[in-house]
Amino acid sequence: MMFSVRRLQDLVPAIILLAALALNYLDPFFIITNIRNETFDLYQRIKPREYTDPAGIAGVGVKLLDVDDESLARIGQWPWPRTVIAELIARATNAGAYALVFDVVFAEPDRTSPEQFLRQIGDLPQLKNAAREISALPAHDEILADVMRQANVVTGFTLTQAENSFEPEVKAGFSYAGDDPRQFLPSFHGAVTNLSKLEQAAAGNGSFNFVTERDNIIRRVPLLLRKEDTLYPSLVMEALRILQGAKSYIVKSSGANMTESFGEQTGLSAVRIGRVEVPTTSTGQVWVHYTEDAPQRRVPAWELLSDDFDPARIAGSILFVGPSAAGLKDLRATPLNPASAGVEVHIQLLEQILLGHFLSRPDWAQGAEVLFLISFGVIILILLRRVSALACALVAFSGIAFAVGLSWYLYAYQLWLLDPIGPSVTAGIMFVSGTL
């Protein structure tokens with residue numbers, strides 16, 4: 001009996017250790033992934049990124065031109081006439097804004113435009129003279145396109161899985177360093193695009209797609225996406241390109257010079273635009289390090305249209321145009337906010353890039369976690385047979401405290417994301433099962 005109990009004391013913890021190693025690599029039910037993500041979310045809630053206006057460091061600010069409830073009350077229901085959008089662009093440009101980036105799609109002609117109004121009233125004889133004068137007025141979309149040509153405007157589109165024939169306008173070229181990046185990027189088959197005349201008039205055109213996690217929380221944002229075999233930049237990358245006056249992107253993947261991939265196709269490592277290089281995950285995404293709500297980011301749209309608006313509030317800034325009004329808001333869950341406006345995710349990402357502040361999970365992170373798991377697990381296995389339960393418990397809890405403390409330090413001071421929970425839980429279960 002004693003022999004079989006001692007065998008079990010070795011066998012059960014060993015099986016638990018092997019199962020934990022298999023879970024780390026296979027994770028068939030996403031147990032490890034979910035625990036890891038929730039740990040990183042907790043870190044952000046405890047210590048979010050401190051808001052810093054990038055204007056003081058990078059020389060350019062990032063703000064939200066907010067379509068809020070007050071703006072709807074003063075200007076009218078959304079969507080606003082394209083003449084109003086044109087006036088917003090003109091006023092912002094004259095106030096010294098670098099660029100306006102639209103987190104909305106102008107997919108259909110302006111319903112308030114003269115030609116649309118004439119279609120609605122039909123061929124009424126009593127309005128014949130009025131119709132003749134109305135028909136001489138310029139189309140609102142033409143007015144907007146004309147204003148766009150005179151300003152730095154980035155239009156936004158969204159890619160979809162449903163197949164269609166719409167092709168977003170490509171404004172910049174791509175060059176590859178290393179493996180073809182398209183094989184590593186999420187693929188789409190359709191798109192919802194702006195009117196062709198508006199995309200052609202804009203200086204930039206980017207996707208505002210998010211690739212959500214299984215729990216629909218936005219932790220990472222893609223810099224590049226593809227529709228079939230065509231590469232498209234994100235809204236943020238187009239804003240960064242326009243800011244620098246760059247013409248193309250350089251995508252670095254495994255096999256590129258100075259990129260360690262050990263002969264394997266490990267995916268993307270960075271995207272370079274102008275003077276800025278942005279490190280990415282293997283699938284071309286960037287971890288977002290969120291701040292708490294910062295009201296100083298927002299400029300209500302109605303205030304920009306008022307006569308007493310102070311241009312200094314937006315001078316030298318990139319303005320993202322998007323809604324926060326109830327009923328219009330593109331709601332997205334983040335680690336800090338279950339109902340954040342999607343446009344604010346783009347704003348926070350561009351802030352990080354301008355500040356050179358990159359939260360990352362290094363390529364070696366999983367290997368380091370597995371090495372710690374094996375080392376810690378073997379130590380527990382040895383101690384279970386050689387020391388008392390109390391002594392083994394002290395070692396186990398010391399190891400867990402070390403893992404959690406080191407993980408927190410690396411997040412708080414190095415911006416690295418390493419998971420302490422998987423190895424710690426495994427060691428704890430091994431200790432309990434072996435002791436019992």
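Modeller: A pocket is an open set of points on a 1 Å grid over the protein atoms alone, with protein on both sides within 12 Å along at least five of seven lines. Its volume is the space filled by probe spheres set on points joined across faces, edges and corners. The second largest pocket has a volume of about 220 Å³.

Colleague: How far should I trust the coordinates?

Modeller: This is a predicted model, where local features need pLDDT of at least 70 and side-chain atom pairs 80 or more, while totals for chains, interfaces and linings use all residues. Residues are numbered from 1 along each chain, and side-chain values use heavy atoms, without hydrogens and water. The chain averages a pLDDT (the predictor's confidence in each residue, from 0 to 100) of 87. Confidence is lowest in helix α6 (residues 128–135), at a mean of 59, and highest in β2, at 98. Where pLDDT is low, the coordinates should not be read in detail.

Colleague: What lines the second largest pocket?

Modeller: Fifteen residues line this pocket, each with an atom within 4 Å of a point. D293, R298, N337, S340 and E344 lie nearest its centre. β18 (340–341) and α11 each supply at least two lining residues. Such elements are DSSP runs, numbered from the N terminus: helices (H or I) of at least four residues, strands (E) of at least two. The lining divides into four nonpolar, six polar and five charged residues. Asp, Glu, Lys and Arg count as charged.

Colleague: Why is E303 called buried?

Modeller: Buried means under 20% relative accessible area, exposed over 50%, partly exposed in between (1.4 Å probe, protein chains only). E303 has 19%, so E303 is buried. E303 sits in helix α10 (residues 301–304).

Colleague: How do you know that Y249 counts as buried?

Modeller: Y249 has 0% relative accessibility, so Y249 counts as buried. Y249 is in strand β11. Beyond four places in sequence, the residues touching Y249 include F174, M237 and V271; contact means heavy atoms within 4.5 Å. The C-alpha atoms of Y249 and M237 are separated by 9.1 Å.

Colleague: What makes a nonpolar core?

Modeller: The largest has 42 residues, and F320 and L350 touch the most other members. α11 (342–355) is one of the elements giving two or more residues to this core. With seven residues, α11 gives the most. Not counting residues up to four places away, L350 touches V62, V236, A239, L240, I318 and F320. A second, separate core of 34 residues includes I89, A95, F102 and A325.

Technical notes. Core = buried A, V, L, I, M, F, W, Y, C linked by side-chain atoms within 4.5 Å. 1 Å grid on protein atoms, 1.4 Å probe; cavity = no way out; pocket = protein on both sides within 12 Å on 5 of 7 lines; lining within 4 Å.
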